[in-house]
Amino acid sequence: MEKKRIVSGMRPTGKLHLGHIHGALNNWKALQEDYQCFYFIADWHALTSEYEHPEIIKQSTEDIIIDWISIGLDPEKSVFFVQSSIKEHAELFLIFSMFTPLPWLERNPTYKEQLQELTKRDIYTYGFLGYPVLQAADILMYKANGVPVGQDQSPHVELTREIARRFNHLYSDIFPVPEVLLTPEAKILGIDRRKMSKGYNNAIFLSDTEVTVNKKVSEMITDPQRARKSDPGRPSFCNVFTFHELYSKKDNVQEIKEGCLSASIGCVECKRLMAESLNKALEPLREKRQEIQSKTGLIDDIINEGNKRAGEIAKNTLKEVREVVKI
Ligand code: TRP
Ligand code: SF4
């Protein structure tokens with residue numbers, strides 16, 4: 001039987017950090033074993049918020065593909081492509097926009113939230129309102145059965161489902177209605193205990209060197225109630241401990257927990273141990289990154305190959321769409 005199909009994308013607005021691994025990429029990696037996966041760079045989507053500073057988009061496109069491969073996404077198993085290279089996305093977006101009712105877009109909670117939050121940019125634009133319609137085109141183009149996304153994106157995928165149903169009802173039943181495959185939120189926070197984000201300047205990047213990781217870890221905020229080393233700490237309120245749970249050996253995690261609770265280990269030592277575990281986990285990524293970067297043209301080749309495979313499917317879908325829309 002044909003494998004079921006997965007589509008997901010990332011906006012190229014900077015290199016990836018640990019939040020992306022735990023909030024998306026580990027899941028993407030697991031999925032590529034059982035599904036036919038299409039992972040793409042949503043550069044047109046990035047333009048909705050970065051239209052004043054589009055330089056970041058191209059650079060991040062390459063950075064992100066390198067990040068993907070370094071954690072074990074495999075271009076032999078999955079198709080990596082760039083949205084703007086497949087012009088059919090724009091055509092499908094246009095057709096969908098003809099029958100997508102405005103209120104569906106205006107009441108989208110993610111849209112309303114972002115209008116309030118992204119105050120530094122003017123995103124009161126036609127393109128930004130239509131963001132989920134473009135996303136629907138990305139997903140339905142490949143007739144995806146599932147879309148792995150975080151909670152914040154689930155209203156968008158719900159809209160994709162509505163758009164698929166409306167298209168099927170108006171014209172012809174050609175689109176499967178895709179499932180939302182919800183990825184749990186990453187438990188780890190940034191080094192300042194806020195959500196890890198490039199914009200907050202609190203992220204540990206996949207591409208950080210050992211020295212940088214050590215420095216960032218040493219700056220991490222721990223249990224805010226533990227003022228002195230002689231005070232017992234509360235691992236369950238400490239972000240450093242969350243990192244230990246993810247990156248240190250089980251026995252050591254237990255020891256650290258007890259040490260923290262009984263004040264026999266200090267935060268400086270605890271962080272040093274954590275940085276060691278984290279660096280150990282990042283080492284294979286660093287090696288892979290070096291290997292990729294030593295092969296000139298490799299990323300371009302991977303993108304070209306992925307674009308070709310995605311492009312063939314997109315061409316077929318549009319042919320079918322034009323037929324049933326009678327245009
Ligand atoms: N909106 C998604 C995000 O910001 C990116 C995206 C664009 C996407 N098109 C998609 C995700 C299609 C899944 C499927 O994370
Ligand atoms: Fe956090 Fe470790 Fe300090 Fe405990 S000892 S508060 S777990 S950094």
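The lining of the largest cavity comprises eight nonpolar, three polar and two charged residues. Here Ala, Val, Leu, Ile, Met, Phe, Trp, Tyr, Cys and Pro count as nonpolar, Asp, Glu, Lys and Arg as charged, and the others, Gly among them, as polar. The model is predicted: local features need pLDDT of at least 70, side-chain atom pairs count only at pLDDT 80 or more, and totals for chains, interfaces and linings use all residues. Residues are numbered from 1 along each chain as its sequence is written, chains are lettered from A and ligands numbered from 1 in the order in which they are written, and side-chain values use heavy atoms, with hydrogens and water left out.

Two cavities of 30 Å³ or more are present. A cavity is a set of points, on a 1 Å grid over the protein atoms alone, where a 1.4 Å probe fits but cannot get out; lining residues have an atom within 4 Å of a point. Grid points are joined across faces, edges and corners, and a volume is the space filled by probe spheres set on the points.

The largest cavity holds about 110 Å³ of space. It is lined by 13 residues, and Arg 226, Cys 238, Cys 260, Cys 267 and Cys 270 are the closest to its centre. Helices α12 (250-261) and α13 each supply at least two lining residues. Helices (H or I, at least four residues) and strands (E, at least two) are DSSP runs, numbered from the N terminus.

Ligand 2 takes up the space of this largest cavity, with more than half of its atoms within 2 Å of the grid points. Its shell includes Thr 222, Asp 223, Val 240 and Phe 241. A shell residue has a heavy atom within 4 Å of the ligand. Six nonpolar, one polar and two charged residues make up this shell. At least two come from each of α11 (239-247) and α13 (267-294).

The second largest cavity holds about 50 Å³. Its lining has five nonpolar, four polar and no charged residues. Helix α6 gives the largest share, three residues. Tyr 131 is one of the lining residues.

Tyr 131 is also among the closest of the 13 residues that surround ligand 1. A nitrogen atom of ligand 1 lies 2.7 Å from a side-chain N or O atom of Tyr 131. For Asp 138 the distance is 2.7 Å, and for Gln 135 it is 3.0 Å. The protein covers 89% of the 360 Å² of accessible area that ligand 1 has on its own, by the Shrake-Rupley method with a 1.4 Å probe. Helix α8 supplies the largest share of this shell, four residues.

How values were computed: A polar contact is a pair of N or O atoms within 3.5 Å; within protein, one must be able to donate a hydrogen and the other to accept it, and residues adjacent in sequence count only if both atoms are side-chain atoms. On a 1 Å grid over the protein atoms alone, a cavity is a set of points where a 1.4 Å probe fits but cannot get out, and a pocket is an open set with protein on both sides within 12 Å along at least five of seven lines; lining residues have an atom within 4 Å of a point.
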